[in-house]
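Okay, everyone, let's get going.

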Amino acid sequence: MDLEYSPEYRDFRDEVRAFLDENKHQAPGPRGATPGQPPNSPKAWQQLLIEHGYAARTIPREYGGYGAEPDILKTRIIAEEFARARVPPGHSGDNRLVPTVLELGTEQQKQWLVPPSVRGEMSWCQGYSEPGSGSDLASLSTKAELDGDEWVINGQKIWTSGAQNADMMFCLVRTEPDAPKHNGISYLVFSMDTPGIDVRPLVTMTGDAFFNEVFFTDVRVPKDQIIGKRGEGWFVANTTLRYERGGLGDPNEAENRFNRIADIMQRETVGGERLIDNPIYRDRLLKLQGQILAMKFNGMRVLSHNIKGEEPGLPRWIVKLNGCELNHQMAGLAIDVLGELGLLYDGSPYLRDGGFWQARYMLDLGLIIGGGTAQIQKNMIGERALGLPKEPKVAEAGA
Amino acid sequence: MDFALGEEQRMLQDSIARYLESGCPLERVRDVAEAGDARADDVWQELTNLGVHGVLVGEDYGGVGLGLLEAALIAEALGAAVAPVPFAASAVMAPVALADAGSGEQKEAWLPRIAAGEAVIGIGVSEQIGRRETDGVRAENGRLNGKAMFVLDAAAADALLIASDDGALHLVDPSANGIERAKLKTIDRTRTVAEVVLSDAPAELLPGSADNREPLLRMIDAGRLMLAADTLGAAQTMADKAVAYAKERRQFNRVIGSFQAVKHMCAEMAAELEPCRSLVWYAAHAYVAIPEEGRLMACHAKAHLSEVGKFVARKSTEVHGGMGITDLLGLHYWFKRIGFNRQLLGAPELVREEAAQAQAWV
């Protein structure tokens with residue numbers, strides 16, 4: 001048990017801090033913009049971060065990245081320091097698509113897709129879920145048929161985050177209708193400007209339309225815009241899902257939110273009494289603190305396994321399930337302690353924390369469902385981590 | 001940066017767990033519990049050989065001189081096996097208090113005997129956490145008067161370490177005049193607690209605890225961590241037994257673990273329990289290495305493990321169906337051990353209130 005950072009990493013942290021002190025005035029957004037001047041461009045900021053190795057850090061130089069050896073602890077230090085300085089972090093193109101192309105794409109595909117994605121000139125959306133294929137994603141039915149040198153796509157996707165603004169989509173389609181369901185899928189990439197694509201925003205309970213429905217009618221895509229082989233799209237997609245899942249339920253973010261609630265409860269008063277002086281509210285807060293600390297240290301344990309190249313096993317399997325649940329409960333507590341003020345929304349006067357908690361309460365419920373529902377997570381924990389048998393398959397033709 | 005057990009820590013825990021598997025099976029636990037014995041003497045002896053009782057005693061005094069994390073790993077192994085031997089009070093709380101606040105002679109008199117397995121010290125501090133009106137201990141002129149309840153590891157104790165109402169700690173010889181010790185029957189027959197009535201009983205103050213509550217509080221922190229670690233071990237055994245049973249028991253022509261209703265109970269136990277391991281490790285590490293966080297983390301470890309332990313104890317019993325509540329299966333030994341750890345040294349609501357105080361929230 002050693003919670004100290006070695007000199008190499010302490011120096012690295014100092015280096016990141018010095019860079020941020022010197023350059024954060026150039027960061028895009030209200031905080032970085034000079035009064036009277038247009039805000040700084042996110043692309044210029046991204047370029048500066050790549051040059052210093054704080055964005056696209058491990059992406060090879062020939063594909064527009066910084067080209068460092070993977071070092072999990074340095075990646076973590078960069079994230080921590082940017083969060084501490086409240087400066088927008090850089091990105092690595094798209095954390096689902098780019099690693100997948102680098103791992104499984106052809107040389108021509110890597111050159112085509114990775115550098116502009118890393119520069120922030122090519123943005124992505126993910127075409128996976130369908131109205132009839134949610135948890136059972138492999139049953140998807142959007143089909144692509146080869147016609148000469150082109151795929152012709154017909155069908156519908158749903159829950160497509162950011163589709164209204166994305167330049168490109170990576171998409172799962174059924175290309176081998178006679179094969180067993182997992183072996184009949186291919187992974188295509190194409191421009192959202194391709195004729196025949198219709199994006200319709202899907203308004204959720206928060207009032208925003210982050211998700212979309214995407215309809216395909218005879219959408220023609222060149223034959224070589226497939227990642228991996230025909231019929232191997234499920235394997236390719238699982239490469240991507242592995243990268244996506246890591247991000248949900250981050251324990252450090254949970255700790256930040258917890259501290260904000262503790263602040264509210266020490267600051268706000270009702271009837272002359274601070275919220276934290278109410279023993280029932282206080283006990284709810286403390287119960288959550290115990291759970292959040294346990295998940296924070298669990299995160300340190302996962303990180304230590306990853307640094308050593310070990311598979312963390314169970315400590316990793318539970319992160320999404322527990323982290324999303326805790327976030328939802330925290331937002332619920334914040335709303336409860338605020339009483340009637342907790343109802344306010346959407347720019348209302350008297351709003352606390354800019355309406356963050358009501359929005360999070362709804363968004364976090366979405367995240368309990370999205371990215372593999374809590375129930376699917378429990379199946380995975382039960383089957384993959386504990387070795388319990390799968391549910392016997394119902395005959396495919398059965399009612 | 002490495003948040004993991006070291007090789008030697010893993011070996012320590014493995015060696016104790018391996019011994020307990022063969023030397024302290026459920027039948028042995030049952031013998032001790034049914035006879036109402038204070039401890040399993042054979043298990044106690046072998047644990048002495050493994051260095052368990054001297055884990056926190058410095059090498060100068062014949063101990064192994066390890067830290068609280070190692071002690072927590074031992075407590076976890078003992079909880080996993082529901083081992084009927086004194087540990088939390090005698091091998092952890094007493095050495096911590098003696099090292100902190102004892103005189104040279106007191107250390108010399110007790111630490112070597114604790115390490116050698118020749119002496120057990122019971123701890124009476126319940127009144128410092130939740131005092132009932134009929135209880136409490138007053139110290140005057142080297143004498144104690146009053147009543148200490150739920151004195152831990154008391155039945156086989158050669159000495160008792162009792163806190164008086166002002167927070168000072170006193171060594172008491174249980175065979176002296178003016179002391180009556182009566183065992184209290186609890187649900188858990190694998191550890192002992194007693195009621196101790198003191199009538200002008202001779203007592204020896206630990207000098208460092210006069211007008212200084214810190215030794216008492218540090219000792220309670222250490223004790224809470226041990227109960228948390230014990231629950232971690234006991235709950236892990238219950239979860240493992242549930243998973244094993246779910247893989248083997250068949251109904252409706254299927255093993256019951258293939259039903260999602262059962263599978264999800266197992267997954268929930270795992271999801272709740274696994275982070276507890278990291279919390280216990282961190283809290284035990286912080287007790288020594290990050291003392292400013294020590295109290296807060298000990299409180300959270302005790303309270304959170306109490307909650308998760310209760311959840312796992314219930315769910316594991318349910319997965320076992322009707323067999324879960326039988327004496328034949330014996331799952332109840334773990335169920336009761338977890339219950340004991342929850343109530344002793346502060347139930348979770350009380351301990352969370354102390355966590356609030358540690359952060360100056362109240």
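**From one loop to the interface**

So, let's start at Met192(A), which sits in the loop joining β5 (185-191) to β6 (197-202) in chain A. Keep in mind that what you're looking at is a predicted model.

As for who's around, leaving out residues up to four places away in sequence, Met192(A) touches Ala163(A), Ala166(A), Asp167(A), Met168(A), Met169(A) and Ile197(A). Take Met169(A) from that list: it's 23 residues from Met192(A) along the chain, and their C-alpha atoms are 6.4 Å apart.

Okay, zooming out to the whole of chain A. You've got 12 helices and 10 strands there. The C-alpha atoms of chain A take up a box of roughly 75 × 55 × 50 Å along the principal axes. For 399 residues you'd expect a compact globule to have a radius of gyration near 21 Å, and chain A comes in at 23 Å, so that agrees. Buried residues make up 35% of the 399 in chain A. And if you take contacts in chain A between residues at least 6 apart in sequence, 66% of them link residues at least 24 apart.

Last bit, the interface. Here 38 residues of chain B meet 39 residues of chain A. Which element gives the most on the chain B side? That's α8(B), with 16 residues. By type, the chain B side splits into 21 nonpolar, 9 polar and 8 charged residues.

Technical notes:
Residues numbered from 1 in each chain as written. Chains lettered and ligands numbered in written order. Predicted model: local features only at pLDDT ≥ 70, side-chain atom pairs only at ≥ 80, totals over all residues. Contact = placed C-beta atoms within 7 Å. Helix = DSSP H or I, 4+ residues; strand = E, 2+ residues; numbered from the N terminus. Nonpolar A, V, L, I, M, F, W, Y, C, P; charged D, E, K, R; others polar. Rg over C-alpha atoms; globule rule 2.2 N^0.38 Å. Buried ≥ 20, exposed ≤ 12 C-beta atoms within 10 Å, placed from the backbone.
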